[in-house]
Amino acid sequence: MTQKVAVLGTGKIGEALLSGMIRAGWSPADLLVTARRPERADTLRERYGVTPVTNAEAAKTADTLILTVKPQDMGALVEELVPHVPADRLVISGAAGIPTAYFEERLAAGTPVVRVMTNTPALVDEAMSVISGGTHANPAHLAIAQEIFGGVGKTLRVPESQQDAATALSGSGPAYFYFLVEAMTDAGILLGLPRSQAHDLIVQAAIGAAVMLRDSGEHPVKLREAVTSPAGTTINAIRELENHGVRAALIAALEAARDRSRELASGKG
C-alpha cells in the first residue's frame with residue numbers, strides 16, 4: 001500500500017488491526033503507532049517492525065489516523081490532535097457512542113471522518129466491523145476503512161443512524177454469547193459433568209451452530225426446528241426458556257445497550 005496509516009492508542013484492538021493489515025499486505029514501513037507507555041511502543045516495534053511516534057507526529061505524517069482509545073479518553077486525544085490534523089487527513093474512530101459530528105466540530109473544516117464499531121473477535125480475525133461515513137467522507141474513504149478492518153474479519157456499511165443498534169448487537173454481542181456459554185457450562189456441572197467437559201461440549205456446539213448459520217443460508221427457526229423433535233428433549237428445554245421470558249429478556253437487554261450507546265453519544269457519562 002502507498003498510504004501511511006497511524007494507529008493511535010494501540011491497545012489490544014489496535015494491535016489486532018496492525019497484525020491484520022500486515023497479513024493483508026500492508027508494509028510495516030507504512031504503519032505508525034502511538035502508545036501511552038514507551039515500553040508498549042517498543043514492544044510493537046519489535047513485534048511488527050512498525051514505527052512508534054507521538055500523536056502529533058502521527059497527525060502530521062500519516063494519511064489515515066485510526067483512533068482506538070476508549071471513549072472516555074477520546075476528548076483528551078482529540079484536543080491534542082486538533083492543532084496538527086490537516087483537513088485532508090482521513091480520521092477513523094473506533095470509539096463506541098461517539099458520532100462523526102463530534103470530530104467534525106473540532107477538527108479542521110472538511111475533515112473526512114469514518115466511524116467504525118468493531119468487536120473483540122478482531123483478535124482472532126473474526127470481527128464484525130460496522131462502518132459509517134461522516135459528512136465529508138466519500139466512497140473512497142469508506143473503502144479505505146473497509147480495507148483496513150477487512151484484515152481482521154467482515155465489514156458492513158450502514159447509515160450512522162444505525163450505529164447504536166449495531167453497537168448493541170455486534171459490538172457488545174460477543175459478551176452475550178460468553179454469558180450464555182457460562183450459564184450453560186454451569187448447567188452442565190449441575191447435571192453431573194466435569195467443568196472442562198461441559199465447557200468443551202458447549203463451545204463446540206456454539207461453533208458448529210454458528211458455522212451452520214453462516215454457511216447454510218437457512219433461517220435460524222428452520223435450523224432450530226431440525227433439532228426439535230416432537231415430545232423430545234429440545235422442545236422441553238425451549239418451553240422452559242420461553243416460560244422464563246428469555247426471548248423478551250434478550251430484546252430488553254439489546255435495547256438497554258442501544259440506549260446506553262445513545263447516552264454516550266449525547267455526552268452522558
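Predicted model: local features only at pLDDT ≥ 70, side-chain atom pairs only at ≥ 80, totals over all residues.
To see the pair, select arginine 115 and aspartate 164 and show their side chains. The closest N and O atoms of arginine 115 and aspartate 164 are 3.6 Å apart, inside the 4 Å limit for a salt bridge. Polar contacts across the interface of domain 1 and domain 2 also come to 1 residue pair, with both residues at pLDDT 80 or more.

Next, select strand 6 (113–117) and strand 7 (127–133). Each of these strands supplies at least two residues of the domain 1 side that touches domain 2. Colour that side by class: 5 residues are nonpolar, 4 are polar and 2 are charged.

Now colour the chain by domain. The domain assignment places residues 3–157 in domain 1 and residues 164–264 in domain 2. Between the C-alpha centres of domain 1 and domain 2 the distance is 32 Å. Select the residues in contact: domain 1 contributes 11 and domain 2 contributes 10.

The size of an interface is often expressed as the accessible area lost when the parts come together. Between domain 1 and domain 2 about 730 Å² is buried, and carbon and sulfur atoms give 56% of this area. Which residues of domain 1 lose the most area to domain 2? Select Gly97, Met117 and Asn119: together they account for 43% of what the domain 1 side buries.

Conventions. Residues numbered from 1 in each chain as written. Heavy atoms only, no water. Domains from an automatic or database assignment. Contact = heavy atoms within 4.5 Å. Buried area = accessible area lost by both parts, 1.4 Å probe. Polar contact = N/O pair within 3.5 Å; in protein donor to acceptor, adjacent residues only side chain to side chain. Helix = DSSP H or I, 4+ residues; strand = E, 2+ residues; numbered from the N terminus. Nonpolar A, V, L, I, M, F, W, Y, C, P; charged D, E, K, R; others polar.
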